[in-house]
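The sequence and the structure come first.

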Amino acid sequence: MEISNIWYFLSALTLLSALMVIISKNPIHSVLYLVFTFFCISAHYVLLNAQFLMAVNIIVYAGAIMVLFLFVIMMFDLKKNIPESKSSLTKLAGSVVAGTLLVILIAIIRKNTIPGPALEKFNSQTGMVENLGQVLYGEFLLPFELVSILFFVAMVGAVLLGKREAGERNF
């Protein structure tokens with residue numbers, strides 16, 4: 001099977017699962033479709049030879065964030081919070097806005113041409129972890145370390161806010 005056929009199959013699968021996230025009535029099913037969408041996107045990263053991005057996408061998005069979504073959804077009592085149905089005017093306005101956006105998107109796509117890939121500039125080692133590490137710890141060392149300090153300060157702040165007793169003022 002050619003790479004382009006795999007790409008088209010994965011793209012169709014990704015779009016279908018993303019559509020099912022929106023269409024699904026059950027929030028748990030929506031989250032599961034979203035996890036499947038993230039796995040499809042990770043497969044796209046493999047096709048682009050970006051294995052590190054694939055691993056990060058699976059660990060961070062499909063793992064941690066989806067567990068958080070499921071936890072929050074299960075904490076809510078969804079039977080109590082059933083929204084009232086939308087009026088016909090709201091549905092009509094939503095359809096008009098969606099149709100207008102679709103027409104604008106089609107006009108933009110028809111007007112612009114998408115250039116093909118520049119094969120002479122292709123580097124097969126672009127998405128590899130070794131090259132990413134060399135760039136992060138070489139050219140972008142200062143911004144990388146500043147972001148790590150920012151994350152550390154945010155983590156300490158979250159711990160301080162979480163451990164604060166009722167009525168106690170830490171700052």
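The sections below go from the whole chain to single residues.

## Basis of the description

The model is predicted: local features need pLDDT of at least 70, side-chain atom pairs count only at pLDDT 80 or more, and totals for chains, interfaces and linings use all residues. Residues are numbered from 1 along each chain as its sequence is written, and side-chain values use heavy atoms, with hydrogens and water left out.

## Overall makeup

The protein has six helices and zero strands. Its elements, read from the N terminus, follow the order α-α-α-α-α-α. Helices (H or I, at least four residues) and strands (E, at least two) are DSSP runs, numbered from the N terminus.

Of the 171 residues, 11% are buried. Buried means under 20% relative accessible area, exposed over 50%, and partly exposed in between (1.4 Å probe, protein chains only). The protein exposes about 14,200 Å², and carbon and sulfur atoms supply 73% of this area. Accessible areas come from the Shrake-Rupley method with a 1.4 Å probe; for residues, only the protein chains shown count as cover. Among contacts with a separation of 6 or more, 54% are between residues 24 or more positions apart; contact means heavy atoms within 4.5 Å.

## Annotated spans

The UniProt record, an unreviewed entry, gives the annotation "transmembrane region" to residues 6-24, 31-48, 54-76, 88-109 and 140-161. UniProt positions are given in the numbering used here, feature names are shortened, and annotations may be inferred rather than shown by experiment.

In the model, residues 88-109 are 100% helix and 0% strand, with 31 Å between the end C-alpha atoms. Residues 140-161 are 95% helix and 0% strand, and their end C-alpha atoms lie 32 Å apart.

Helix α2 covers residues 27-47. Tyr33 is part of helix α2 and is partly exposed, at 31% relative accessibility. Not counting residues up to four places away in sequence, Tyr33 touches Ser17, Met20, Val21 and Ser24. Tyr33 and Leu16 are 17 residues apart along the chain, and their C-alpha atoms are separated by 9.3 Å.

His44 is also in helix α2. With 15% relative accessibility, His44 counts as buried. Apart from neighbours within four places in sequence, its contacts are Trp7, Leu10, Ser11 and Thr14.

Asn49 sits in the loop between α2 and α3. Most residues other than glycine have a negative phi. Asn49 is not a glycine, yet its phi is positive, at about 65°.

## Helix α3

Helix α3 spans residues 51-75 and includes Asn57. Asn57 has a relative accessible area of 6% and is therefore buried. Its side chain makes a polar contact of 2.8 Å with the side chain of Ser42. A polar contact is a pair of N or O atoms within 3.5 Å; within protein, one must be able to donate a hydrogen and the other to accept it, and residues adjacent in sequence count only if both atoms are side-chain atoms. Leaving aside neighbours within four places in sequence, Asn57 is in contact with Phe38, Ile41, Ser42, Tyr45 and Ala62.

Ile73 belongs to helix α3 as well. Ile73 is buried, at 17% relative accessible area. From C-alpha to C-alpha, Ile73 and Pro27 are 7.2 Å apart in space, while 46 residues apart in sequence.

## A surface patch

Leu142, Leu146, Ile149, Phe152, Val153, Met155, Val156, Val159 and Leu160 form a nonpolar patch on the surface, together holding about 880 Å² of accessible area. Like charges are joined within 9 Å, and nonpolar side chains (Val, Leu, Ile, Met, Phe, Trp, Tyr) within 5 Å. One of the patch residues, Ile149, lies in helix α6, which covers residues 141-163.

Technical notes:
Patch = residues over 30% accessible without salt bridge, like charges linked within 9 Å, V, L, I, M, F, W, Y side chains within 5 Å. Salt bridge = Lys/Arg side-chain N within 4 Å of Asp/Glu carboxyl O.
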